Amino acid sequence: AGIGQCHKASSSSPSSASRFPQYGTKDYAELCPWVGSAADSAPAKDCSILLRPDPVRNNEGVSWWATEAAYGVIMSQLTGCRLLLDYMPDVKIGDVLKQPRGRANPDGTATWATSSDYNCTASRRCYLVDRPNCRDEERIAEMRDEMSELGEGIGRELVRIPQYRFGYFSQISVMTKWKLYHEDYQHLAEAMPNFDLQTGHSCALTSLFELNEERADLYQPDLFSNILPTLRDESNLVITLYYRSNYADSRARAEKEGKDFVEETKNLQKAVGRVIECVLGREEEFLSKRKPDGETGQRTKIYNDERTSDFQNIVWMVVSDSVTVKEWLADEFSGNNTNARIAKDQQRYPGRVIPRYVLTTTARGIHTRAKRKTSTADFAEAMIDWWLIGQSDVVVSSGSMSFGETAALRTQRPTYLFQNNQCSRYNLMLPPKDNSTLKEEKENAEKPRIWIPQ
């Protein structure tokens, strides 16, 4: 599939060796052997877990919901209860997402979807998860007690489950309290010996979701005819540029206050310019004879997340809540010969013209937080943007909020963040804790999350 060519592509098209394996494949089964009844419509026990945001208390959006869905898969696997998903009244999540075919869904008819008016109660042997889950032992004990009301023995297997939303971190990250350590999940390792903390989030979401090829393009018309084929084309090196401006949050606040909102564009190009520097740095590494700094990449015996194969074009998948940013980047950076930036004696592809193309979506940048009246279109645009971030070879994020991070983590993408005048790679897993780590956790526990730009 070349740039701009239009043909129908399945949402389950094969991906390259550097991409995370798809559900139902041999590689996925080998990498994620713990995923079984979690995504199955016929659970081990007569009970269910419903993930549904609280419309009053929950101020989160798609990123939180997707991460909690991964949490729900692990919780379902532990307890043997079927997982059900909902978003908000009037939001048809099935227009965008569906359960993939595979060993738990061989004929494609199984679904985790439920109606927004479904009453999840203990009498129906249903446990409702409607807010961000606490990770402390006291809350886990409360959840066991609450689930025991569904029936004898239900919930007793529950142990601490990783919350991956802020799991990616850079060397200068202050979000210490969200970092993941193996020793914090020893009970989970004992309950599910095949569970891998490194790939748990990706395995869970891959088993749960794929794009609905019959409906999703209602909200992004060229999704299957152009965007996905381009991102999956082996001849394209795909770099996602994710930039979160203040637009989505500011517009949501204005809506709440009954005010009109106009995007502030002053200094916008300067702010996004720092992210562009990081993207251009990744380009240069792939175009030059120097090896990408992927020596620290996350490798398994199944796949290597650093792309090593040749390419003919460079594609930027630009995702942003700012339409202005998307339009500017598409106009400014499309069509350039990227190889011309590399000294001739350092070119990996000497003398070759390697054009750059910029892809964007038509998303309006609307926040999907539960407290506002989110529509199916709002949800669909945000979810498609979130999904596309993970369909790349490399992700560069502005570091604002968690949207870009959880999207990249869905497919274990190499992810870079520009902050403090440097472009550093995110990591997920940490070495064992020591005294200095514990001291750092205590000092940073209440520090605010870094926001870029200010």
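The structure is a predicted model in which local features need pLDDT of at least 70 and side-chain atom pairs count only at pLDDT 80 or more, while totals for chains, interfaces and linings use all residues. Residues are numbered from 1 along each chain as its sequence is written, and side-chain values use heavy atoms, with hydrogens and water left out.

The chain has 12 helices and 13 strands, taken as DSSP runs numbered from the N terminus (helices, H or I, of at least four residues; strands, E, of at least two). Of its 454 residues, 59% count as buried, where buried means under 20% relative accessible area, exposed over 50% and partly exposed in between, with a 1.4 Å probe and protein chains only. Among the contacts in the chain with a separation of 6 or more, 78% come from residues 24 or more positions apart, contact meaning heavy atoms within 4.5 Å.

Two packed helices are described by the angle between their axes and the distance between the axes. Axes are lines fitted to C-alpha atoms, for helices over the stretch in contact, and angles run from 0 to 180 degrees between N-to-C directions. Helix H2 (residues 62-79) packs against helix H10 (residues 376-389) at an angle of about 65°, with the axes 10 Å apart. This makes H2 roughly perpendicular to H10, on a scale where angles under 35 degrees count as roughly parallel, over 145 as roughly antiparallel, 65 to 115 as roughly perpendicular and the rest as oblique. The contact is made by Val 62, Ser 63, Trp 65 and Ala 66 of H2 and by Phe 379, Ala 382, Met 383 and Trp 386 of H10. By class, this contact of H2 with H10 has 7 nonpolar, 1 polar and no charged residues (Ala, Val, Leu, Ile, Met, Phe, Trp, Tyr, Cys and Pro count as nonpolar, Asp, Glu, Lys and Arg as charged, and the others, Gly among them, as polar).

The axes of H10 and helix H11 (residues 403-410) come within 7 Å and cross at roughly 55°, which makes H10 oblique to H11. On the H10 side, Ala 382, Asp 385, Trp 386, Trp 387 and Ile 389 meet Phe 403, Gly 404, Thr 406, Ala 407, Ala 408 and Arg 410 in H11. The contact of H10 with H11 has 7 nonpolar, 2 polar and 2 charged residues.

Rings of Phe, Tyr and Trp (its six-membered ring) pair if their centres lie within 6.5 Å, and planes under 30 degrees apart count as stacked, over 60 as edge-to-face and the rest as tilted; by this rule the count comes to 11 aromatic pairs. The rings of Trp 328 and Phe 333 have their centres 6.0 Å apart and their planes at 85°, so this pair is edge-to-face, and Phe 333 is buried at a relative accessible area of 13%. One aromatic cluster is formed by Trp 65, Tyr 87, Trp 112, Phe 209 and Phe 379.

In helix H5 (residues 200-208), 9 of the 9 residues are buried, so H5 is largely enclosed by the rest of the structure. Val 325, placed in helix H9 (residues 323-333), is likewise buried, at 2% relative accessibility. Leaving aside neighbours within four places in sequence, Val 325 is in contact with Tyr 243, Leu 268, Val 272 and Ser 320.
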